[in-house]
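Please look over the structure shown below before reading the report, which goes through the folds of two chains and the contact between them.

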Amino acid sequence: MSSAATKVARPDQSAHEPVPDEAGAGTGTTGNLPGQHQPGTDYSGYRLVAAKHPWRWVGTAVVALGVLAVSWSLATNPRWEWGVVAQWFTARSVINGLVETLKLTAISGLLGFVLGFILALMRLSASPLLVSVSWTFSWIFRSTPLLVQMLLWYNLGYLYDRISLGIPFTDVRFFDVQTTSLISQFAAAVLGLTLNQAAYSAEIIRGGILSVDHGQLEAAAALGIPAWRRSTRIILPQAMRAILPTAFNEIIGLVKGTSIVYVLAYSELFYTVQVIYNRTQQVLPLLLVATLWYVVITSVLSVFQYYIERHYSKGAVRTLPLTPLQTARKFFATHAAVTQEARSPR
Amino acid sequence: MSIRTSAAPGSAPAETAASGPTRGLVEITGVRKSFGTAEVLKGISLTVDPGGVAVIVGPSGSGKSTLLRTINHLEKVDGGYISIDGMLVGYEVRGRTLHELREKDILKQRTEIGMVFQNFNLFPHLTALENVAEAPVVAPRSGKVRSTKAEARRRGLELLDRVGLKDRADAYPRQLSGGQQQRVAIARALALDPKILLFDEPTSALDPELVNEVLDVIRELAKSGTTLIIVTHEMGFARDVADTVVFMDEGQIVEQGSPQQIFTRPREERTRSFLSKVIEPAFNI
């Protein structure tokens with residue numbers, strides 16, 4: 001330890017003079033330790049060598065091999081029947097099913113989040129009745145299986161013959177209709193998915209609102225900014241940062257969740273491919289068709305998510321991260337510059 | 001009790017001079033406030049003259065911040081009342097009854113009372129200029145029309161210039177230093193042209209070397225004729241800028257007087273012991 005002490009005390013000497021016995025010889029710490037240098041040396045002409053990471057290369061090679069093997073088997077195993085996949089991928093019936101899936105997702109996603117927003121505001125209000133109604137709603141719809149909800153809505157006609165709107169406890173009716181004619185497969189599907197979605201998104205939105213610092217609300221109130229403006233201009237844009245990742249999780253879940261409406265024999269994507277493979281017995285390739293479409297939708301949504309999140313991170317980060325496009329451009333720009341630079345001196 | 005404003009008549013800018021001399025009289029009478037079983041304000045009475053600068057000092061938990069927050073009705077009082085130029089804060093007088101104001105009317109009152117927070121509370125997703133120009137466009141204001149966006153931006157730039165940040169107008173709060181953020185917050189509070197400005201420990205969250213840039217802005221304001229009520233731990237600043245220093249402890253005003261009197265000849269033992277703790281020995285009074 002005396003060596004360390006010596007070095008701290010006389011860094012200039014120990015660096016380039018053989019250190020006296022008491023410090024050095026035994027421990028082998030004499031000479032050019034990393035970081036030791038002669039004061040006043042000019043390093044500007046030195047060549048720079050990057051640190052080497054051999055194990056990183058080994059890991060990369062192993063993973064690359066694995067990826068290659070999987071791709072190879074996907075491409076060459078005839079049982080995947082890629083020809084059949086290609087044949088059905090853009091078939092009219094499959095595309096129709098896809099459109100239905102997108103329609104269900106869009107409608108019940110939108111309605112679900114609107115209703116969820118209202119439920120979240122109710123939950124955060126000062127009225128105990130609104131709070132408990134909102135809580136109960138979430139409790140019921142989160143605790144019953146979606147499948148059961150769906151079947152229940154579809155069979156509502158069994159429980160209630162007719163649905164009417166009027167003044168309670170009087171004979172005044174504005175609107176009166178047979179339940180079975182009102183609740184089609186589509187209506188039951190939308191109703192089930194929307195209400196279920198609303199229960200979950202209410203919690204997501206509430207969480208987002210709670211994540212915004214209370215001081216923001218106070219500052220806005222102190223400035224006399226009206227309540228509605230306070231929510232839409234000050235709180236929600238900040239809450240969005242917390243809401244978006246989970247909200248996109250939910251929407252992506254919903255895309256695939258729509259496949260559950262096959263129980264209503266509603267011809268969305270999944271039900272359509274089921275009908276086809278029951279006829280043609282090409283089970284795996286057709287499941288692959290549906291899967292690939294789900295992957296496509298999810299990919300598109302993920303791109304949206306990236307840009308929307310980036311939009312709402314304004315002010316939350318000091319500098320916005322580059323978009324993939326900007327990153328690529330920058331990479332090529334600097335890469336080209338480096339290779340040119342490297343070549344020119346030689 | 002009466003507090004004279006230190007503002008020289010000539011130094012007031014046109015906008016305050018035009019509103020006449022009775023702008024910004026604050027009368028606090030017997031204000032009480034409890035949180036649960038803890039009574040944090042035990043009957044506070046205080047008058048601040050128009051254009052006066054009152055600095056409230058005292059140990060933490062003495063109710064200083066709560067008192068400040070009752071003035072713009074961020075905290076509702078349990079007893080007593082507060083009036084500004086004769087306008088009762090949070091209530092309306094009809095005959096012999098007091099009616100609690102609705103949210104919209106409270107907002108109107110608040111536009112007369114600017115507030116600067118310890119943690120700035122700038123809106124992080126809006127630029128400095130957007131922070132300053134937001135309220136004048138949307139806040140309901142009695143007797144004044146709302147600004148158009150263009151007007152608010154022009155005025156916003158003027159105010160940012162006044163706090164020395166015109167060139168950072170398009171920066172987001174997170175891109176600014178603490179001192180700069182607090183100066184934007186002051187500009188934001190000024191944008192509504194308030195009669196009164198409340199400062200809740202405006203320099204407590206700042207690095208020591210940034211404190212002065214904020215205090216300098218407040219010093220300038222003290223000369224402008226706006227009534228200022230400041231809660232602070234900066235004793236040197238208090239002595240410098242205050243017309244009156246109020247010492248609070250345990251929800252009560254222990255004593256108040258000129259800075260000269262409070263800092264050199266405190267009458268109460270509690271004041272003396274507090275001051276001896278917060279003022280460094282090297283600091284010569």
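Across which strands of chain B does helix α2 (residues 64-71) lie? Helix α2 of chain B lies across β3 (53-57), β8, β9, β10 (227-231) and β11 of chain B, and runs at about 150 degrees to β10(B). Angles here run from 0 to 180 degrees between N-to-C directions, with axes fitted as lines to C-alpha atoms, for helices over the stretch in contact. Helices (H or I, at least four residues) and strands (E, at least two) are DSSP runs numbered from the N terminus.

This is a predicted model, in which local features need pLDDT of at least 70 and side-chain atom pairs count only at pLDDT 80 or more, while totals for chains, interfaces and linings use all residues. Residues are numbered from 1 along each chain as its sequence is written, and chains are lettered from A and ligands numbered from 1 in the order in which they are written.

**The sheet of chain B**

Six strands of chain B form an open sheet with mixed pairing, in the order β8-β9-β10-β3-β11-β12, where two strands pair if DSSP finds at least two bridges between them. β8 (113-116) and β12 of chain B stand at the edges with a single partner strand each, so that one side of each has no neighbour in the sheet. On average, and with direction ignored, neighbouring strands of this sheet are turned by 20 degrees against each other. β8(B) runs parallel to β9 (residues 196-200) of chain B and is joined to that strand by four bridges; Val116(B) stands opposite Phe199(B) in β9(B).

Most residues other than glycine have a negative phi.

**Chain A and its helix pair**

Chain A has 15 helices and two strands, and buried residues make up 21% of its 346 residues. Of the contacts in chain A with a separation of 6 or more, 67% are between residues 24 or more positions apart, a contact being a pair of residues whose C-beta atoms, placed from the backbone, lie within 7 Å.

Helices α10 (residues 185-210) and α12 (residues 227-257) of chain A pack at an angle of about 155 degrees, with their axes 8 Å apart. α10(A) is therefore roughly antiparallel to α12(A), a term that applies to angles over 145 degrees. The residues that make this contact include Leu193(A) and Tyr200(A) of α10(A), and Ile235(A) and Glu250(A) of α12(A). By class, the contact residues are twelve nonpolar, six polar and one charged, where Ala, Val, Leu, Ile, Met, Phe, Trp, Tyr, Cys and Pro count as nonpolar, Asp, Glu, Lys and Arg as charged, and the others, Gly among them, as polar.

**Where the chains meet**

Between the chains, 25 residues of chain B are in contact with 19 residues of chain A. On the side of chain B that touches chain A, α3 (103-110) and α4 (128-138) each supply at least two residues, and the largest share, four residues, comes from α3(B). That side of chain B has 14 nonpolar, six polar and five charged residues.

Definitions and conventions:
Buried ≥ 20, exposed ≤ 12 C-beta atoms within 10 Å, placed from the backbone. Contact = placed C-beta atoms within 7 Å. Parallel < 35°, antiparallel > 145°, perpendicular 65-115°, else oblique.
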